[in-house]
Amino acid sequence: MNGRKIYHARGKVLGGSSSINGMIFQRGNALDYERWAADSGMGEWDYEHCLPYFKRMENCLAGGDEYRGTDGPLFLERGPVTNPLFGAFFGAVQEAGYQLTNDVNGFRQEGFAAFDRTLHRGRRLSAARAYLHPVMNRPNLEVQCRAFVTKILFEGTRAVGVEVSEHGTNKTVHASEVILCGGAFNSPHLLQLSGVGNADELAALGVDVVENLPGVGENLQDHLEVYIQHSSTQPVSVAPALKLRNRPWIGAQWLFLRKGPGATNHFEGGGFARSNDEVAYPNLMFHFLPIAIRYDGSAPAGGHGYQVHIGPMYSNSRGSVKLQSLDPSVHPALRFNYLSTDEDRREWVEAIRVARDILSQPSFGPFDGGELSPGAAISSDQEILDWVRRDAETALHPSCTCKMGTDEMSVVDPTTMRVHGLEGLRVVDASAMPYVTNGNIYAPVMMLSEKAADLIRGNTPLAPIDQPFYRHQRPQTAGAPPEDARIA
């Protein structure tokens, strides 16, 4: 990435990053969980064991079926996709040879559709609003905000509490059990500060080692993405919503009617596709947005536009989260190693070419005012990679730094969520994922948490649901038996 630093936001509020994310709800592909289950000790994390927990947490307002739930705390609204630019996008993907799907979270993820969003009546439905706020008055619950945990306390190999800095005062909180939910950065960082991690690296920093677990902070995965932006010749984008003079009306629409530009996340549709026939399931995710704008709010000159967010979904590049100082306030070193493998670089070139092919289809003809970014000057494989190095941003899906499993680099026991070799200490967050899933990771993290809740409480896990799911039928070589497009 040309040695540049990439900003990573984290949700330091109740609800964590679900309180600041793009509100896109995507489970990932069923084969993501088959991949999880193929690792040592992970057999009960396959799709049929995860599906009942997805269903339990969902209240899918588009309707339930054997794949979708309707009684859970997470209300999911389907994107309305009424802007004509969405119509052009869905027409263009079909012209480019891709299919539509009824539900990217149902039987078939591969294809393009309106997306589920964690919105309800025009408001963000964070994990805090769905799970925490309804039980805030329980006598056995105490929520402390603006409290910074600086260390896990151990007696031998048993966690017995934490040290906390709150309003400049240090104090100790004793507990029979400690559950880390700090995410892919904070959980491994706190473990390392507390003496759990690579013993040689910790000892070199002067940390008293409690347990040698070399996998802590390793296996860091993320989604990198770029925006391919076009100007629009017709005034149909949501660009006017950015103008100061329109904001009072937008606010009034939201306040009194729960409608309008203030009542949507704007990422209302997109899809999943394969960049080549070698991959078993989609390796590209598309988010379509009816405006040309960056995450920082900057927009290209020219007013109306549209863009596709694109990037490979299961890159084989791996990074790390490393303790740098005994001072808990010093951030760990985050090294993602984006674009560090031949496969990663190849899929990036394929991704840009697939996206450009879609955006050049006839359905966009009435709107297309030309490519703004990267622009016609970027065409060769090397030019594409150089542009990605200069322009790509994180999709904000860091994960996998305390992975579940039973091999020598795993950190968390997949049957209990306990940290290997320790008592009274568990990890339940995105860091426990062994592989990043194919899509935004909020839904998989919530599913993991639902299942972890049963494991921690000693409840009988939900019975697996044996439902078929879509599998791409690859082109057959001469004499080879045909592949079934549906698997149990």
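**Exercise 1. Which residues does Arg426 touch, not counting residues up to four places away in sequence?**

Before the solution, a note on the model: this is a predicted model, in which local features need pLDDT of at least 70 and side-chain atom pairs count only at pLDDT 80 or more, while totals for chains, interfaces and linings use all residues. Residues are numbered from 1 along each chain as its sequence is written, and side-chain values use heavy atoms, with hydrogens and water left out.

Step 1. Arg426 is buried, with a relative accessible area of 3%, where buried means under 20% relative accessible area, exposed over 50%, and partly exposed in between (1.4 Å probe, protein chains only).

Step 2. Take contact to mean heavy atoms within 4.5 Å. With residues up to four places away in sequence not counted, Arg426 touches Glu177, Val178, Ile179, Leu180, Thr416, Met417, Arg418, Val419, Leu455 and Ile456.

Step 3. One of these partners, Glu177, also makes a side-chain to side-chain polar contact with Arg426, at 2.5 Å. A polar contact is a pair of N or O atoms within 3.5 Å; within protein, one must be able to donate a hydrogen and the other to accept it, and residues adjacent in sequence count only if both atoms are side-chain atoms.

**Exercise 2. Describe how helix H1 is covered and how H1 packs against helix H2.**

Step 1. In H1, 6 of its 8 residues are buried, and the helix is thus mostly covered; the buried residues are Ala30, Leu31, Asp32, Tyr33, Trp36 and Ala37.

Step 2. What covers these buried residues includes H2, H10 and strand E23 (469-470).

Step 3. H1 (residues 30-37) and H2 (residues 47-57) pack at an angle of about 125°, with their axes 9 Å apart; axes are lines fitted to C-alpha atoms, for helices over the stretch in contact, and angles run from 0 to 180 degrees between N-to-C directions.

Step 4. H1 and H2 are therefore oblique to each other, since angles under 35 degrees count as roughly parallel, over 145 as roughly antiparallel, 65 to 115 as roughly perpendicular and the rest as oblique.

Step 5. On the H1 side the contact is made by Ala30, Tyr33 and Glu34, and on the H2 side by Tyr47, Cys50 and Phe54.

**Exercise 3. Which residues have the most contacts inside the largest nonpolar core?**

Step 1. A nonpolar core is a set of buried Ala, Val, Leu, Ile, Met, Phe, Trp, Tyr and Cys residues joined through side-chain atoms within 4.5 Å.

Step 2. The largest such core has 72 residues, and those with the most contacts inside it are Trp36, Trp45, Leu191, Met417 and Leu425. Helix H10 (residues 442-457) gives the most to this core, with 8 residues.

Step 3. Leaving aside neighbours within four places in sequence, the contacts of Trp45 include Trp36, Met417, Met447 and Leu455.

**Exercise 4. Is His309 buried or exposed?**

Step 1. His309 lies in strand E17 (residues 305-312), and at 2% relative accessibility His309 counts as buried.

Step 2. The side chain of His309 makes a polar contact of 3.2 Å with the side chain of Glu225.

Definitions and conventions: Helix = DSSP H or I, 4+ residues; strand = E, 2+ residues; numbered from the N terminus.
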